Amino acid sequence: MLGGAGLLLAAAPAQAAEVAYKTECIPPSISGLPPVEGTTKVEITAPAEAKVGDEVEVVWKTTQAASNNPDVLDLDKDTVKPTGTVKVGGAQTADLAVEGTRSNPPIKKNSPMVLSDMKGKIKLTAPGEVTLTPDKYNINVSKPISTDTKCSPKETVKPGATIKVTDAGGATTGGLPTGLPTGLPTGLPTGLPTGLPTGGSTPTGTPSSGSDTGGSGGGKSDFTGKEVQIPYKCKTPIGDKSATSPVQINAKKDGGNYGLTVQFKKSVMDSPADIPADSVKPSMEVKLGGADKGTVHVEGPTNKEPIKSGAPINIPDLTGTYKPGADGKSTLSPGVLTVKALGTTTTCTPSKTEVSLEIDTAAQPGGAAGGSGAAGGSAGGADTSGGLAETGSSNDGVLRALGLVAGTVILLGGAVFTFLPKRRARLR
């Protein structure tokens, strides 16, 4: 009755001795943690005997992961999911994908990782001895955001189990197993989430190197500023950083007011980790000069879609309304940039600024001249703290921890500031 092809065997599995091997685990680059080297201990179970054509279940039990949960965050219940690869050798060869469930007890900082058993099925295609050897594995942590760490052997690993396969009579004596797909999910947990800003649309409009920075004569309504290089000094929750960014300010006249668009150029980078939607809110105070005084508040949208690891990140256009407060030629220059992400705030102040746009203005009631901050329209004291979505945890302490641990990534045109403390993962 057990000879039918494709039947999952229910015979007593062969218990194999525990296999131990040196392992290197690579945390996500966003974590700032160095590679971890430790020892992985695994038990592989499978039927001791089977026939060609049978489909058998292979179980990977991790009795010891290569490292503990780092001293960053406690991991919640049912947030850890392991996946891995079992090398099939001997009478047939293949990479068998095995997968566990997202089921674990709460795991404290500096505590051993607790991983669910991983399982996979393989169809036996050739008579002889088939060996099963544990290979690379990953563990994914789903909260506060999804993080992965990849682990791989650093030495030759001994087989964890052997299946004696007999010919069922007339069945094929060779070929590759059909089994499960070999694509691997990723992840060994480091418990390190991230607070990365993400972009919306890429900058629009084509700069004309200041060719439209003069007056508004002839009923002109669109004004294109020149691209200027602005050196920023940024204060973050974990220290000060600096870099230079190309910025451009454009304006569109609407009655006596102007709709402003601030663009950051060359603002694309590859994301080092999966980033949730609606996580980051950028804003700026555009500095007024010439005939007018004060600042104009502009802001960008939060990222609408999640961004996968390795995909480009773009900073969105920042927009707002300028209500002039004086007659004459007024200038607009990039000012203080603020990025709020996952409960943290990073403020970048220009060490020096440069005029991007000059326009002829006529004073409007309640305009900006002599003002102490915002100017007109949506700028007047606008709240930039809204629009930040939850990231999987409602615990304020966790969000503060994210800000201190993962820091903040600020996109300043072509420059990207990643502020990450160097913490060493602790081995078991």
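Let's start with E299, which at 23% relative accessibility counts as partly exposed. By that I mean between the two other classes, where buried is under 20% relative accessible area and exposed is over 50%, computed with a 1.4 Å probe on protein chains only. E299 and K281 form a salt bridge, and their closest N and O atoms are 3.3 Å apart. For that term, the rule is a side-chain nitrogen of Lys or Arg within 4 Å of a carboxyl oxygen of Asp or Glu. E299 lies in strand β18 (residues 295-299) and K281 in strand β17 (residues 280-290), so the pair ties together parts that are 18 residues apart in sequence. Strands here are DSSP runs of E with at least two residues, helices are runs of H or I with at least four, and both are numbered from the N terminus.

A quick word on what you are looking at. This is a predicted model, where local features need pLDDT of at least 70 and side-chain atom pairs count only at pLDDT 80 or more, while totals for chains, interfaces and linings use all residues. Residues are numbered from 1 along each chain as its sequence is written, and side-chain values use heavy atoms, with hydrogens and water left out.

Back to the charges. How many salt bridges does the structure hold? There are ten, and I'd like to show you two others.

One of them joins K154 and E24, whose side chains meet at 3.9 Å, N to O. This pair links distant parts of the chain: K154 is in the loop between β10 (147-153) and β11 (161-166), E24 is in strand β2 (residues 19-26), and they are 130 residues apart. Are these two buried or exposed? K154 is partly exposed, with a relative accessible area of 48%, whereas E24 counts as buried at 19%.

The other is between D74 and K108, with the closest N and O atoms 3.8 Å apart. Here both partners sit in loops: D74 lies between β5 (55-64) and β6 (80-90), K108 lies between β7 (94-99) and β8 (118-123), and so the pair ties together parts that are 34 residues apart in sequence. D74 counts as partly exposed at 39% relative accessibility, and K108 counts as exposed at 52%.

Now for the cysteines. A disulfide is a covalent bond between the sulfur atoms of two cysteines, and the cut-off used here is a pair of sulfur atoms within 2.5 Å. Searching the whole structure turns up two of them.

Take C25 and C151, whose sulfur atoms are 2.1 Å apart. C25 lies in strand β2 and C151 in strand β10, so this pair ties together parts that are 126 residues apart in sequence. C25 counts as buried at 1% relative accessibility, and C151 is buried at 1% as well. The link is right-handed, with 115° about the S-S bond of C25 and C151.

Then there is the disulfide from C234 to C348, S to S 2.0 Å. C234 is in strand β13 (residues 228-236) and C348 in strand β22 (residues 344-350), so the pair ties together parts 114 residues apart in sequence. Why is this disulfide right-handed? Because the torsion about the S-S bond of C234 and C348 is about 110°. C234 is buried at 1% relative accessible area, and C348 is buried at 0%.

Counting bonded cysteines along the chain, the disulfides follow the pattern 1-2, 3-4.
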